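Here are some notes to read alongside the structure, written for someone meeting it for the first time. Keep the view open as you go through the points.

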Amino acid sequence: MKKLLLLLILILPLLSNIYSQSNGFIKKFELKKSNILLSRVAQPTQYFDKIGRKAALMGFEDGSFEMWVWPWKPLRNFEILFFLGSSTTPIKAKDIVRTIDVTPEATTLTFAYESFTVKEIIIVPVEERGALILLDVFTTEPLTIVPSFIPVMQPQWPAGIGGQYSYWDNDVKAYVISEGQQRAIFLCGSPLGKMMTAPPAHMFADNPLQFKIEIQPGESNNHFIPIVIAGVLGEKYDSLKTYYNSIQQNAEKLYERNYKHYSDFLTSTLNIITPVEKLNLAFQWGKIMLHNLMVYNQNLGNGMVAGYGLSGSGGRPGFSWFFGGDAFINSLPMISFQDFSTVKDALKFTQKWQRQDNFPIRKKSPDDLNKNIGKMAHELSQSEGLVDWWNDYHYGYNHADTTPWYLVSIGDYYRHSADLQFIKESWNSIKQAYDWCLRKDSDNDGLMDLKGAGLGALEFGKYVHMYADMYTSSIWTQAIKEVLNMSEAVGDKELQTQTKDQLNKALSSLEEKFWMDKTGLYSHAASEDGQQVEEKTPWSSIAMKWGLLSKEHTLKCLESYNDNNLCTDWGIRSLSTDSELFDPVNYNYGAVWPFISSLFGTAQFKYNFNLSGYNTLLSTIQHMFDYGLGVMPEVFSGRINYKLAEAYHDQGFSATGFMEPLLRGLLGIELDAPNNTIIFEPHIPADWTKVEIGSLLINRDNITITYQNEISGKQLIINNVGEDTLKLLFQPSFGPEKKLIDMKAYFDSKKEGDLQKELRHIRYEQIEDSQSSVYKFQLDIPPGETTLNIGLNNIPEIYLISTDGAEYGQTNRGLKIISQEFEKNKLITTVEGLGNISYQLGVVGEKYIKKLDGAELDNGLKFTIPGKDNDKFYKHNIIIEFKD
């Protein structure tokens, strides 16, 4: 009897699960708790998405969406209607949506009415060709749930087909969606579904397809109701039915796989913890946003797209096709947070489409001379194969900057990963790309010309056909540096010699061609006869972030760029408001791109405009939470904090806009992995108590870094969990006139078998800088724990007081930090704000202030900007005199 009872205990859950699946329900399972959960009251017109490698679901927080299984869009306008009892009046989900909860693995929308609550759990399994929707229903009355959608069966732009059809298959209780050649077939339905509409044969109806799910009170309390969208490409319909059923039958397993995928990804890549929770959240979601750009296309392979967005009735789902330049740009922060395998896959994918003599663009005649061998592809539609993308359309190679960006990206990958084998395998590709760039220097000044090469920073307007622009020339100059480094690594002596000479020539010409004595700024571009574009733009900051320009000129430029003409409370304008061409809604001539913050913000930190850089960073990260949760739009108005109508919703380089200045600027983390060297150049705000950096891998060693403010100075603790002794180049940036008065370094040391702390002397030097106090330390980091205690003099330091950022629709009114300088025991901070408006800054070390001009002490520094117009910016100095 006991054995029988035990057997029943063991098999009853299994029988219950089998029964649930046989009657169409899925036994309810618990969703995992997430420490990066994003929640809010749902905004019905706001974007959301769920992205997998092979499929994407994109819609609005009202629950409506379109579905893509690359490269096909099977349906759009999916929505849910509810009917109570025998009522024929629909209750639309979009009218009763209450909340949205977003985790990497699933998004949950909650719909509530007086007699029912429905939670819609939306999952796009990472490696599957479809989506799984689980409805968690509680109702006190008979409830009919009606999913409704418009079948589309449309390939991605620019392809188009005919012969689409749909019908209801009662065996699987789903609508079949396909086209005459059955190159792809899709199912959308539910095992609890019943057909409501009968579409005409061999064509789509004008009205939506609908099916219904009828639920009695209590019937689904312990179960989920599944809705499945699934597809196969190039397979038979029977294979699709098997695949479709497997998704619903393995719902919990697919959810668990999603959870594990993202959990493993987040923990295995670089992690940071700062005192600013919003910054920590933005960093984690920035990692996910960039990681989700990888797409597997069955015909083309595994590559990186530029972003995602709604296509509506068209065939362009944001920029979710393959863009070479975007992949290379976005690789830089991905390399920094050490998603090396993804970056390597993306680089390999772009190499497949590098121009060869008769591929992928075919010669019209065997005698044609191909002058573009080695050029990297700008863009590739996912519908290649359904159309002849390379030969019938002219978009594939129309950018000049893509090829030098490739060299920058692969060189950066090597410096951080030490993957010399991949560089050797790619060497022919690298040399071809380098040679193509060399051939685009028609005047032999060492810089690439746009003439005959393609587009640079701008894609339209007055300055699009310039002979050369600062943006492309800077990328090329950095590319030469990367090729020089790689040529040394592979032992290519000839190229090593050539790149050394080329680099010297390019650096000299970059300064000579673009510096404008008349304006004291760098020009955006120059004509063939040497005329410079005398506009104030942030494009030169790309050269500044790499340190390619004169330090004196760079400091002068950045101080000018820090004002309100370029800087807004929500990002950086592409053109100064002083320009006659300025148009706040023009993509190239005045709008705010988060991408530009990646250039400008990183440059601000590199040249120790730390308050200004932090301001830029904070103004950009807010967009991760203001629009679609955990994603960032492409472009904003230059006058009002609002996304432009033309902007797509989930744009990869927008995440790069804050991830790069966060990692390579504020935290200042880079690696020289081939030489076992960690470069740590932090620019930490004075009010931060501690920063923790974990899962930093350099070759075989795992490193954690803790950097904290102590009463007497700073403390750096590095834990080397490995077997190798590493090198550390530590170059912290402190507040102006912070002086090092004491420094002790302690290392773990084993003596007679016991672990002890060994005190050693460390060499250092002070780096001359006008904006801050910078010290450079070089030391070896053996296995175990290394501690540096840095004693500094006690003087005041200013910091920004974090806010929630600019509100929707707000105009530019926040404080701008122009510069800081130290003169005769006085710290002079130049700011800019609206006239007769009060502002506040924080200050550490108030008791060391002897005298204060331009502000008063009141829980920090409070001040009102002198000026009669409260819609006009004025400069203002705050002068702090230190006690002796």
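1. Let's begin at Ser654, which is found in helix H19, residues 652-666. Helices here are DSSP runs of H or I with at least four residues, strands are runs of E with at least two, and both are numbered from the N terminus. Please bear in mind that this is a predicted model, where local features need pLDDT of at least 70, side-chain atom pairs count only at pLDDT 80 or more, and totals for chains, interfaces and linings use all residues. Residues are numbered from 1 along each chain as its sequence is written, and side-chain values use heavy atoms, with hydrogens and water left out.

2. Is Ser654 buried or exposed? Its relative accessible area is 0%, so Ser654 is buried (buried means under 20%, exposed over 50% and partly exposed in between, with a 1.4 Å probe and protein chains only). Setting aside neighbours within four places in sequence, Ser654 touches Pro594, Phe595, Met632, Pro633 and Glu634 (contact means heavy atoms within 4.5 Å).

3. H19 turns up again at the largest pocket, as one of the elements that give two or more residues to its lining; the others are helix H9 (402-417), H12, helix H16 (594-606), strand S32 (669-672) and strand S42 (773-781). A pocket is an open set of points on a 1 Å grid over the protein atoms alone, with protein on both sides within 12 Å along at least five of seven lines; a cavity is a set where a 1.4 Å probe fits but cannot get out; and lining residues have an atom within 4 Å of a point. The largest pocket has a volume of about 940 Å³ (points are joined across faces, edges and corners, and the volume is the space filled by probe spheres set on them).

4. Which residues lie nearest the centre of the largest pocket? They are Lys545, Trp546, Lys606, Glu670 and Glu681, out of 35 lining residues. By class, this lining has 15 charged, 10 polar and 10 nonpolar residues (Ala, Val, Leu, Ile, Met, Phe, Trp, Tyr, Cys and Pro count as nonpolar, Asp, Glu, Lys and Arg as charged, and the others, Gly among them, as polar). H12 gives the largest share, four residues.

5. H12 (residues 470-490) also packs against helix H11 (residues 427-439), at an angle of about 145° and with the axes 11 Å apart. Axes are lines fitted to C-alpha atoms over the stretch in contact, and angles run from 0 to 180 degrees between N-to-C directions. On the H11 side the contact is made by Trp427, Ile430, Tyr434, Cys437 and Leu438, and on the H12 side by Trp476, Ile480, Val483, Met486, Ser487 and Val490. This contact has 10 nonpolar residues, one polar and no charged.

6. Now look at H17, which supplies six residues, the largest share, to the lining of the second largest pocket. That pocket has a volume of about 720 Å³, and Asn615, Ile801, Thr803, Gly814 and Leu815 lie nearest its centre.

7. H17 also gives the most to the lining of the largest cavity, with four residues. This cavity has a volume of about 320 Å³, and its lining divides into 16 nonpolar, 11 polar and two charged residues.
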